[in-house]
Structure formats: C-alpha cells, structure tokens
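Here is a friendly note for anyone opening this structure for the first time. Please have a look at the model, then read the points in order.

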Amino acid sequence: MLPTAEEAKRIAALHSYGVLDTPAEPEFDRLTQLLAHLCEAPIALISLVDGERQWFKSVHGIAWTETGRAVSICSHAIEQQVLCVIEDMQADSRFCDNPLVVGEPHLRFYAGMPLVTPDGHALGAVAVLDRIPRHLNSVQVEALQTLALQVMAQIESHRQRALLTQAMQARERSHAALHDSDASWRRLFASSATGIVSAGADGRYLSANPAFC
C-alpha cells in the first residue's frame, strides 16, 4: 500500500469524483463488454479502490459489486501506475494464496491498467481476468490502455456533471433566498408603523409606505 499521506490524498481524490456507489451506467457497461470482446476474456471490470474495499463501477462476466481490498488484485496495479499483467497467479507468490485464486472464481490471469487522474492519483483500474493462464497480444494491450483512458474521461465527465448540478442548485438556493429577503422587506415596508421613504440622489421620492403617507 502507498505511504499513509499519499494514500490519504489518493482516497480523497477518489471521493472527490463522486462516482463510488453510483448506479450502473450504459456508457461504462459498454466499455467493459467491448474490452472483454477485444481481449477474448470471460471477465472485464472497472474497479475503484477505496480504503478498505474495491468497488466495481461496471462488471462483465461475473456477479460482483465489490470485494475487500485485502484480496484486491487491482490494489497492486494502482501502486505501480502502469499496466500490470500476471499471466499465472498460481505461480506468483503474491497471489497464489489469494482466496479468489484458490477458491471461486479460481482466477489465474489478470491484466489491469490503472485509472490515473490528471493530478497523478490512481483511482482504480480497468482489468480483464481469466480462469486459465494466458497473455495479451500487442493489439489487446493497446486496447486495454486506450479503454482505460476512455473510462477515465467518462469519470472526469461524471464529476463535471456533478459540479455543474451543484452550481445550479446553489444558484437556485441563492435566488430563492434573495426572493425571500425581498418579500420580507416588502412586508416590513408596508406594515411598519414607522414612516419609511426612499429617495433618489436628486431628492425626489421613489417610494413611501402607508405610515409615511
């Protein structure tokens, strides 16, 4: 795992995108389906690695929503921030006793490309997995790298839409507060027992309440 300070920044960056635990979206699902097809892999996924878990924005070929981070293979990929390929996890001392390797779904092959923000934080990975040892050819490697960039662009777009929504909501609240304030002033102006008058710079009266009249 990354040093504590760097990991805290990475997790903060992940949460700032507001994509964790959001519903499935067709644009992400189409990318995992395409990735599985191009890489001839039974499983493809978009993984976001949080503090204690990895959550899947999209999964093709397996009924996962999340797993614990302790068994996350994508957690290793984000530390490298480069393409991570493990052709046979049973032969790799880092993963040979992983519950996902020794038990269901009996994974053997993994290839994951980290999702890196413009600030250099790896949020998760786009990955393909298989139940048999294998490798990717150069075309498949390029496809994995390209689709990871596309997924990151979608995540960036997701954040921009969320920020725009927040800005619009703040503007609406501001307008509502201004309207309420104006309405309150008008009620006070009309009902006050004290005479109130407003005048322009030339001394001419602009308005006066009933008490002043």
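1. Is phenylalanine 56 buried or exposed? Phenylalanine 56 is buried, with a relative accessible area of 5%, where buried means under 20% relative accessible area, exposed over 50% and partly exposed in between, with a 1.4 Å probe and protein chains only. Phenylalanine 56 forms a stacked aromatic pair with tryptophan 64, at 5.5 Å centre to centre and 20° between the planes. Tryptophan 64 also counts as buried, at 19% relative accessibility. Rings of Phe, Tyr and Trp (its six-membered ring) pair if their centres lie within 6.5 Å; planes under 30 degrees apart are stacked, over 60 edge-to-face, and the rest tilted. By this rule the count is 1 aromatic pair.

2. A word on what you are looking at. This is a predicted model, in which local features need pLDDT of at least 70 and side-chain atom pairs count only at pLDDT 80 or more, while totals for chains, interfaces and linings use all residues. Residues are numbered from 1 along each chain as its sequence is written, and side-chain values use heavy atoms, with hydrogens and water left out.

3. Now the overall plan. The protein chain has 5 helices and 8 strands; helices (H or I, at least four residues) and strands (E, at least two) are DSSP runs, numbered from the N terminus. Buried residues make up 42% of the 213 residues in the chain.

4. Strand 2 and strand 3 pair over 3 bridges, and glycine 68 in strand 3 is the bridge partner of arginine 53.

5. Next, the nonpolar interior. A nonpolar core is a set of buried Ala, Val, Leu, Ile, Met, Phe, Trp, Tyr and Cys residues joined through side-chain atoms within 4.5 Å. The largest has 29 residues, and Leu48, Leu115 and Ile155 have the most contacts inside it. Helix 5 gives the most to this core, with 6 residues. Apart from it lies another core of 23 residues, among them Phe56, Cys74, Ala77 and Ala122.

6. Serine 58 deserves a look. Serine 58 lies in strand 2 (residues 53-60) and is buried, at 2% relative accessible area. The side chains of serine 58 and aspartate 29 are joined by a polar contact of 2.6 Å. Such a contact is a pair of N or O atoms within 3.5 Å; within protein, one must be able to donate a hydrogen and the other to accept it, and residues adjacent in sequence count only if both atoms are side-chain atoms.

7. Finally, where does arginine 134 sit? Arginine 134 is in the loop between strand 6 (122-130) and helix 5 (138-191), and is buried, with a relative accessible area of 14%. A polar atom of the arginine 134 side chain lies 2.7 Å from the backbone oxygen of cysteine 39. Not counting residues up to four places away in sequence, arginine 134 touches Cys39, Glu40, Ala41, Glu87, Phe109 and Gln140.

Key. Contact = heavy atoms within 4.5 Å. Pairing = 2+ DSSP bridges.
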